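Hi everyone, thanks for making time this morning. I'd like to walk you through one model and start with a pair of packed elements.

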Amino acid sequence: MITVVMFYVSCLAMMGLGTHICTRRSTALLKEPFRSLPDLGHELLPKISHYIPDFLLIPQAAVTAISCLYLLPSEEIALLLVTHGLLVLGRGVCCVMTSMPTCMPDTHSPQWRGQKSAVLRAYDEMVHAPYDLLYSGHTVLYILCCHIWETYLPTVDLFLRVAQLSSRVVAVAGPLSLIAARQHYSMDVAVALIICALMLTSSIPRTVTSFLLGMA
């Protein structure tokens, strides 16, 4: 299991490196980095709070993670870590490929920071990277949580059935909220949905997991 954890941490680190590189490139190369590109989803969906996608994601991800730790055998937990690791590794690569203006507000501007509490300012610093576009990491987690409830976790009591239903709702509402909140372009969400569908129906995660567990 230690090899799987090391692989997962390495994937997260590579995603962080990709985010850092794309931020440096975007701020250096783009003349107007906060001038949003035209987007059909932004035109069709009413604008909502910048933080709503996170409010949808955090409770769902926390309940799913805790349920996995208590209800799933270590082999299935390893498979899910590898699956998410591969997905975020691809995200780190994608966000470096093309530098584009962000649709997010400038959360580092004095005007934005002056309107937010210290907690929200710190949250923006840690979570919201405005230039990691093309492939939505939030969407990956929305879909992966739903996949876990549909495929792996039992629904033997009322709490688990409610959690499963919640995961279905969030899997639909979450990606739409990202577009409405202007955290992502519609294209970012579409790319993430396609990659998730391909990865979750592929044998690659299981093959990589078997290899890593065999190394232990």
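Let's begin where V4, F7, Y8, C11, L12, M14, M15, G18, T19, I21, C22 and R25 of α1 touch A78, L81, V82, H84, G85, L86, V88, L89, R91, G92, C95 and V96 of α4, contact being heavy atoms within 4.5 Å. By class, this contact holds 17 nonpolar, five polar and two charged residues; Ala, Val, Leu, Ile, Met, Phe, Trp, Tyr, Cys and Pro count as nonpolar, Asp, Glu, Lys and Arg as charged, and the others, Gly among them, as polar.

A word on the source: this is a predicted model, with local features needing pLDDT of at least 70, side-chain atom pairs counted only at pLDDT 80 or more, and totals for chains, interfaces and linings using all residues. Numbering runs from 1 along each chain as its sequence is written, and side-chain values use heavy atoms, without hydrogens and water.

Back to our pair: the axes of α1 (residues 2–29) and α4 (residues 74–97) come within 8 Å and cross at roughly 15 degrees. So α1 is roughly parallel to α4, the label for angles under 35 degrees.

Zooming out, the protein has 10 helices and zero strands; these are DSSP runs, H or I of at least four residues for helices and E of at least two for strands. Of its 216 residues, 45% are buried, meaning under 20% relative accessible area with a 1.4 Å probe, protein chains only.

Finally, is Q164 buried or exposed? Q164 sits in α8 (residues 158–180) and is buried, because its relative accessibility is 13%. Beyond its neighbours within four places in sequence, Q164 contacts W149, E150 and T155.

Notes
Buried means under 20% relative accessible area, exposed over 50%, partly exposed in between (1.4 Å probe, protein chains only). Axes are lines fitted to C-alpha atoms, for helices over the stretch in contact, and angles run from 0 to 180 degrees between N-to-C directions. Angles under 35 degrees count as roughly parallel, over 145 as roughly antiparallel, 65 to 115 as roughly perpendicular and the rest as oblique.
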